Amino acid sequence: MPKAKALTIKDDNARVSPYSKSKPSKSTTSSKSNADKENADAKPSSKPKLSKAAAEIQSQYSDFRDIPLDEFDDEVPCYDDAAIVRRKLNKLLTDKQNIPNTNKKWTQASMSKEMEELEGRMGTVECHRNSTGPSPRSLGTFLKKKGKMGGGDSPAYYWGYVLLEKLRIWEGGKKSKAREEAEIE
């Protein structure tokens with residue numbers, strides 16, 4: 001077997017050590033580098049800016065629970081499937097957002113309590129006549145289901161949809177394309 005040749009550097013300007021031997025100039029050390037500007041914390045704003053629609057809704061209603069929704073036969077039609085409702089509810093839980101007009105964070109217990117409050121204000125839906133809204137346990141079970149309509153028969157699906165729809169209107173959010181297509185059908 002032939003011997004391996006020793007590695008030689010032909011370029012005199014090749015970098016041999018990880019740091020240059022020259023000292024940094026004074027002009028670069030006195031000012032912040034671009035990396036420092038990129039990593040700097042953004043200035044915290046006192047309140048998030050509201051859209052015109054959200055500001056109008058919030059001036060009309062003192063609470064997001066008071067926002068009326070279109071009903072057909074005393075029920076709010078659900079235009080999102082259970083998988084979308086689960087994803088949105090889980091996002092509320094993981095983002096640790098505040099419940100509107102409070103300083104409390106969303107938890108499964110607080111979400112269940114809000115859904116029960118909505119049912120008390122809007123009235124019981126015929127298909128869930130014997131329930132008092134989803135308990136934290138049934139909400140947790142619904143959130144663990146899989147598939148497009150997994151848990152679609154649960155009261156957590158219906159009241160979760162109503163909660164999300166009222167929050168969307170309260171925050172001035174737009175309808176998704178899939179939601180608009182479902183409304184047309």
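From the N terminus on, the elements of the protein chain run α-α-α-α-α-α-α-α, giving eight helices and zero strands; helices (H or I, at least four residues) and strands (E, at least two) are DSSP runs numbered from the N terminus. The model is predicted, so that local features need pLDDT of at least 70 and side-chain atom pairs count only at pLDDT 80 or more, whereas totals for chains, interfaces and linings use all residues. Residues are numbered from 1 along each chain as its sequence is written, and side-chain values use heavy atoms, with hydrogens and water left out.

Of the 185 residues in the protein chain, 29% are buried, that is, under 20% relative accessible area with a 1.4 Å probe, protein chains only. Helix 7 is mostly covered, with 16 of its 17 residues buried. This helix comprises residues 155–171 and reaches 24 Å from its first C-alpha to its last, close to the 24 Å expected at 1.5 Å a residue, the expected span being 1.5 Å times one less than the number of residues. Gly172, with a positive phi near 75°, follows helix 7.

The axes of helix 3 (residues 52–60) and helix 7 come within 6 Å and cross at roughly 110°; axes are lines fitted to C-alpha atoms over the stretch in contact, with angles from 0 to 180 degrees between N-to-C directions. Helix 3 and helix 7 are therefore roughly perpendicular to each other, a class covering 65 to 115 degrees. Ala54, Ile57 and Gln58 of helix 3 and Ile169, Trp170 and Glu171 of helix 7 make the contact, defined as heavy atoms within 4.5 Å.

Notes:
Buried means under 20% relative accessible area, exposed over 50%, partly exposed in between (1.4 Å probe, protein chains only). Angles under 35 degrees count as roughly parallel, over 145 as roughly antiparallel, 65 to 115 as roughly perpendicular and the rest as oblique.
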